[in-house]
Each structure stands twice: as structure tokens, then as C-alpha cells.
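Hi there,

Here is the structure I promised to pass on to you. Have a look at it first, and then read on for what I found.

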Amino acid sequence: MAETGKGVNAGKLASNVQKRITRAQEKMMQKLGKADETKDTAFEESVANFNKQMTEGTKLQRDLRAYLAAVKTMHESSKRLQDCLADMYEPDWFGKEEMDALAEDTDVIWDDFYQKLVDSALISMDTYMAQFPEIKARIAKRERKLVDFDSARHHFASIQKSKKKDEAKIAKAEEELGKAQKVFEEISYDLQEELPTLWNSRVGFYVTTFQNVAGLEEKFHREMGKLNQNLFDIMTKLEEQRQAKKPVKTTGKSEAAANHNATAASESDTTTPASKLRLGPPVPRPPRPSPAKDAKTDIINLFEDAVVPDINVTTPSQTDTSATTPPNDATTVTNGSSDAEVPSGVAYKVKAMHDYAATDSDELDLKAGDIVLVLPFDNPDEQDEGWLLGVKESHWLVNKDLTAKGVFPENFTQRL
């Protein structure tokens, strides 16, 4: 039995080797033009379409797998980012519980998106591509059987043309030709039915695949958009909470002026020069020494945001002098330090009680005793707390010019 088995295997092997030799000889003869070749143009076109379809499908399958790998990577990156935010988010911050729930929902949406892509796109893609190797093998087998058929056909024709007729050989060659033709035609017939059908199926498959992907993406981005809006709202409210608790910061000028108050309480009983005193925050202005001056201050305060018209406010002791003032002269304010005319737009005068060294280009240098004409700010919002805007009276008297104005700390001065 073993020998018989070996003999059968050896015989089959020898037969296969002989077939290969015969096919190689037949192909060589056809290439040299010494033997004709059976042609089927329609089938060859179907094979060309099959090869194109298989190439396109292979590329689509590869790119779809790469897309899914990218989705998985994005999912992992998103989860790490959410975990990082959750770790940094302190328990007493606004929306802590909402942040934790949002992170969980984000992870669920990513996982659902990936799994549905696998189910509705990748699995169907793999199923679609699984049919190509088997059909490709059958096309290759048909090609071999076509060579066998042509070889049997040529062999039969050669025996028939032989001068010495051998009916037995002719009959055997005819029988082999019939078998070769039958095998070839059976394979060819099945492929001629399947290849066009497979070629036409590609359109429906592409439509279904990309509709599934597009639909899943649309749903994913819609749901993620809602979560992202929730995250944005939480961050906005957290910032609003922070701003509400944030202490008000003074500007550079306010800080400089504020420094004067540190030793203001000891000015009256110390021999330290005023220019060397440590500065502190502004202090409330002292009450006015006379009712007349208080009235003047109240009137001016009503018009701090606008240009103040010339108003002649005097004490009773000044009544006689002002009554003799020519009607066309500019208004004057007698303050004990300067009786010079006051230009239109000046709110009031102040006297510098201490030296002040300017620290910015828009500030005034002051020496103790300087008289300053105080001007209203063009935009009240630009005025820093504790700071005034003005022009030195000495500059005005020489140049008649109010453009050389600058800001200075109010608590370095005393209103006149």
C-alpha cells in the first residue's frame, strides 16, 4: 500500500511536471508566432477591471485601517488631556463635578465612535476584500487551462496532418482536446458571470462605506461639540469667579503717589526733610480753613468732568478789590501764593508741599512751594485714583501755554 501510494504520488508529480513543460513550450511557440492563441477580448477587459478594483480596494482597506488607528490615537490623547485637566482642577473651583462628568462622557463618545467605525466600515471592508484572492486564483487557473486547451488543439491538428494516419492516436488526441476544452469553458463561463457583477458592486460598496463613515463622524462631532461648549462655559465661569475674587491692583502712578502716607502722620513732629520721607497711600484731604474756600471747592467739584467757566469767588475781604477789576480782564483768584490770572479751563490751584521727582514722561517734577494749575482730564476714565492733571503756574506765566501738562500725586499738594 505504501509503495502504491508512493507510485501514485510519483505519477501525479510526473504528470504535473509534464503539464508545466507542455505549457511552457506552448507559450514559447505562441510568443514566437508559431502557434495561434485563443483570445477573448471581453474576458480580458473583465480581468483588467478586476485587477483595478482589487488595487483600489486594497488601498481603501489600508487607508481605512490607518484612519481607525488615528481615531484610536486621538481617543487616547483626548483621555490623557482630560485626565490632566481633572488632576489640576482643584476641588473648590467652580464646576468640579461637572468637569469630572464631562471627562467621562468624552471618553464614552470616543469609544462608541471607534467601535461603530469598526462594525460598520472595517468589518464590511474586510469581507469585501476577502473575495478577491479566491477569484484571482481562479483567473490564474483559467489562464493555465487555456494554454492546455490551445496545446491540445495544436496537438490534435498536428496528428491529423500527419502523413501516416494513426487512428488510435487521433482518437486519443481528440479525447484530450475535448477534456481540455470542457475544463477551460467551465471555469471561463463562471468567471464571465462573476467578474462583471463584482465590478458593478464596487459603487454600492463605496457608497455604503462612506455614508457610514460620514454619518458616524457627523454624530461624533455633534456630540463632542456639545461637550466642548460645556467645557468652554465652565472655563468662562471659572475665570469670572477668579476675577470676582481678584484684588484691585493700583497703577504705577497710584503706587508712587500712595507711598507718601507711610509717614504723613509724623510730618508735624519730625525734622526729616519732606523729600526724604517714605511715601505711603494717599490720605484724605484736610477740611478747608474757611467757608468761602469750601464753597469754591464744592462749586468746582460739580464741574470736574467739564471745562469750568471763569468764576470769581472771593472772601469778604476781597470784595472791594474785585469790584474795581476792569470788566474785560481775565478772572483772578487770590490764594495767598499767586495773584496771577487764571486761564480758562483751570479748575483750581494747588501748592506743592513736598518735592516730587517724576518717574514717567507724562508726570510733573514738583518742588515744595510750586503752584500748579489743575486741569480736568479729557477722559475721566483715564484719571488714576489719587492723581491730578495740571500745568505749573510758572510755565503758564512765561509761555501762556497749557499743553505742557502732566500728572502728579494729589497728596503731595494742598488745594488753595
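Of the 416 residues in this chain, 32% count as buried. Please keep in mind that this is a predicted model. The chain exposes about 26,500 Å², and carbon and sulfur atoms supply 55% of that area.

If you trace the chain, you will find eight helices and five strands. Starting at the N terminus, the order is α-α-α-α-α-α-α-β-β-β-α-β-β. Among the contacts with a separation of 6 or more, 64% are between residues 24 or more positions apart.

Now for the helix packing. Two packed helices are described by the angle between their axes and the distance between the axes.

Take helix H3 (residues 96–161) and helix H4 first: their axes come within 7 Å and cross at roughly 165 degrees. Angles over 145 degrees count as roughly antiparallel, so that is how H3 and H4 run relative to each other. The contact of H3 with H4 has 37 nonpolar, eleven polar and 19 charged residues.

Helix H4 (residues 167–245) also packs with helix H2 (residues 41–88), at an angle of about 20 degrees and with the axes 10 Å apart. Here the cut-off is under 35 degrees, and H2 and H4 are therefore roughly parallel to each other. In this contact there are 16 nonpolar, six polar and four charged residues.

What is the handedness of the crossing where H2 passes H4? That crossing is left-handed, and H3 passes H4 in a left-handed crossing too.

Enjoy exploring it!

Best wishes

Conventions: Residues are numbered from 1 along each chain as its sequence is written. This is a predicted model: local features need pLDDT of at least 70, side-chain atom pairs count only at pLDDT 80 or more; totals for chains, interfaces and linings use all residues. Side-chain values use heavy atoms; hydrogens and water are left out. Axes are lines fitted to C-alpha atoms, for helices over the stretch in contact, and angles run from 0 to 180 degrees between N-to-C directions. Helices (H or I, at least four residues) and strands (E, at least two) are DSSP runs, numbered from the N terminus. Angles under 35 degrees count as roughly parallel, over 145 as roughly antiparallel, 65 to 115 as roughly perpendicular and the rest as oblique. A crossing is left-handed if the near helix is turned anticlockwise from the far one by less than a right angle, and right-handed if clockwise. Ala, Val, Leu, Ile, Met, Phe, Trp, Tyr, Cys and Pro count as nonpolar, Asp, Glu, Lys and Arg as charged, and the others, Gly among them, as polar. Buried means under 20% relative accessible area, exposed over 50%, partly exposed in between (1.4 Å probe, protein chains only). Contact means heavy atoms within 4.5 Å. Accessible areas come from the Shrake-Rupley method with a 1.4 Å probe; for residues, only the protein chains shown count as cover.
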